[in-house]
Amino acid sequence: SDSSINKESSLRRSIADYARKYEGSRYLYAGKSPQTGFDCSGFTNYVMKKYGVQLSPSSRDQAKQGRSKPIQDAMPGDLVFFRRSASEPVFHVALVIANDRKGIQVIHSTTSRGVVTDNIMESSYWRPKIDSVRDVLSGK
């Protein structure tokens, strides 16, 4: 129905806006709070917890939650997972904040830059490592 679609899209915008508040937070291995810093999955876990979405603390396990969707269908609030090669496990997760003509914008906690936004479609580092997209919000 239209009202549930509007409710979901409003939730997705809220999550993206909330996540952006933490841009500039520092990186901390296994970090789960803005006070100490975040690692990638600690960041997605922290943001989603505010919206009642329980995520595993590890990106590898988060990659099994929700339902899979094609990268071109990624929406704000979806999670994008990365792996260095097909035979290696997932090593990173990012939160989609926009998917438009310019590409897919994510916010994530990176070891080198802390919490930053990136266009992963324009990134020579991230783009080849995109593994999967998961929707952990549908039905919320």
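A30 sits in the loop between helix 1 and strand 1 (32-33); helices here are DSSP runs of H or I with at least four residues, strands are runs of E with at least two, and both are numbered from the N terminus. Although A30 is not a glycine, its phi is positive, at about 65 degrees. With 42% relative accessibility, A30 counts as partly exposed, a label that covers everything between buried (under 20% relative accessible area) and exposed (over 50%), worked out with a 1.4 Å probe on protein chains only.

Before going on, a word on what you're looking at. This is a predicted model, so local features need pLDDT of at least 70 and side-chain atom pairs count only at pLDDT 80 or more, while totals for chains, interfaces and linings use all residues. Residues are numbered from 1 along each chain as its sequence is written, and side-chain values use heavy atoms, with hydrogens and water left out.

Now step back into helix 1. S14 is found in this helix and, at 30% relative accessibility, is partly exposed. If you look from S14 across to V53, the two are 39 residues apart in sequence and 13 Å apart in space, C-alpha to C-alpha.

R12 also belongs to helix 1, which spans residues 2-20. Is R12 buried or exposed? It counts as buried, because its relative accessibility is 2%. The side chain of R12 is joined to that of E8 by a polar contact of 2.8 Å. A polar contact is a pair of N or O atoms within 3.5 Å; within protein, one must be able to donate a hydrogen and the other to accept it, and residues adjacent in sequence count only if both atoms are side-chain atoms. Here's a handy bit of background: an α-helix has 3.6 residues a turn, so residues three or four places apart point the same way. Setting aside neighbours within four places in sequence, R12 is in contact (heavy atoms within 4.5 Å) with several residues, among them K69, M75, P76, D135 and S138.

Beyond the four places on either side in sequence, D135 is in contact with R12, G66, R67, K69 and D78.

Next, the strands. Strand 4 (residues 79-83) and strand 5 pair in the antiparallel sense over five bridges; two strands pair if DSSP finds at least two bridges between them. V90 in strand 5 is the bridge partner of R83, and a hairpin of six residues joins strand 4 to strand 5. Strand 5 goes on to pair with strand 6, again in the antiparallel sense over five bridges, and N99 stands opposite I104 in strand 6. Two residues lie between these strands in their hairpin. Strand 6 then pairs with strand 7 in the antiparallel sense over six bridges, with S109 standing opposite V115 in strand 7. This hairpin has three residues between its strands.

How covered are they? Eight of the 11 residues of strand 5 are buried, and in strand 7 (residues 114-119) five of six are. Helix 2 has eight buried residues out of 10, so it is largely enclosed by the rest of the structure. Its buried residues include C40, F43, V47 and M48.

Finally, the largest pocket, with a volume of about 330 Å³. A pocket is found on a 1 Å grid over the protein atoms alone, as an open set of points where a 1.4 Å probe fits, with protein on both sides within 12 Å along at least five of seven lines; lining residues have an atom within 4 Å of a point. Points are joined across faces, edges and corners, and the volume is the space filled by probe spheres set on them. Of the 20 lining residues, Y27, C40, F91, H92 and T111 are the closest to the centre. Helix 2 (40-49), helix 3 (59-62), strand 5 (90-100) and strand 6 (103-110) each give two or more residues to the lining, and strand 5 has the largest share, three residues.
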